[in-house]
Amino acid sequence: MMRQGRDFIARHGETVFNAARRLQGDAAHTPLTRAGFAQADEMGAALAAYLGPTPSMTLWASSAGRALQTLAIVAEHLGLDWHGARADDRLVEIGMGRWGGRYYADVIAEAGSVTDAESGLLSPSPDGETYPQIAARLNDWLASTQEDPGDRLVIMHGVSSCVLRGIMTGLPVWPSLGTAAAAALPQGSIVMITQGVETVIHRGGGSAPA
């Protein structure tokens, strides 16, 4: 079945964890930095220029505070009501288990590289969420929104957005991950996916890996 409408998938702005080089994972509340707010402003301006004023679209976000903060700024640029947004746990970031919240440098000193050699994405922690588990919840979200009419704006995260984009564009499975995943984009980036084809609408200025 062909998916209805267009999906605008965005990565939230920089947070205090990103700036401090800490593994954020599925932490619920890690607020944006000033750079993160600036990135969200740029996202909103770029989308407003692309879509025009008050576009007809549904607003979605990961239930994490940083995604909802980013969406609030973007929605203001678009003239849309943030209060009508749908916060969904299926869109959250990879769960990092006992690595969550720790400094990258400390985890690397203890466990070695935390980057998957094949894909370049963040490696799962020993007791954390696996990439097939991420794909399962994102596939569930896709199935539940498949027949929804109109466009969607989705604010989410570095790793989870790569998996969603990989699934939606039909990329091959990474053997090391066990699922498809697109290449990472900087924080504050937005892509549009229409019938399996991805177009970058705005490339953000963030640099943190997750």
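Ile-73 is buried, with a relative accessible area of 14%; buried means under 20%, exposed over 50% and partly exposed in between, using a 1.4 Å probe and protein chains only. This is a predicted model, where local features need pLDDT of at least 70, side-chain atom pairs count only at pLDDT 80 or more, and totals for chains, interfaces and linings use all residues. Residues are numbered from 1 along each chain as its sequence is written, and side-chain values use heavy atoms, leaving out hydrogens and water.

You'll find Ile-73 in helix α3, residues 65-78. Helices (H or I, at least four residues) and strands (E, at least two) are DSSP runs, numbered from the N terminus. Leaving aside residues up to four places away in sequence, Ile-73 touches Phe-37, Ala-40 and Asp-41, where contact means heavy atoms within 4.5 Å. Asp-41 sits 32 residues from Ile-73 in sequence, yet their C-alpha atoms are 6.3 Å apart.

Now for the sheet. Six strands make an open, mixed sheet in the order β3-β2-β4-β1-β7-β8; two strands pair if DSSP finds at least two bridges between them. The edge strands, β3 (86-88) and β8 (197-202), each pair on one side only. Two helices pack on this sheet, α2 (residues 34-51) and α3. Angles run from 0 to 180 degrees between N-to-C directions, with axes fitted as lines to C-alpha atoms, for helices over the stretch in contact.

| Helix | Strands touched | Angle |
|---|---|---|
| α2 | β1, β2, β4, β7, β8 | about 165° with β1 |
| α3 | β2, β3, β4 | about 160° with β2 |

Strands β2 (residues 57-62) and β4 run parallel, joined by five bridges. Met-57 stands opposite Asp-151 in β4.
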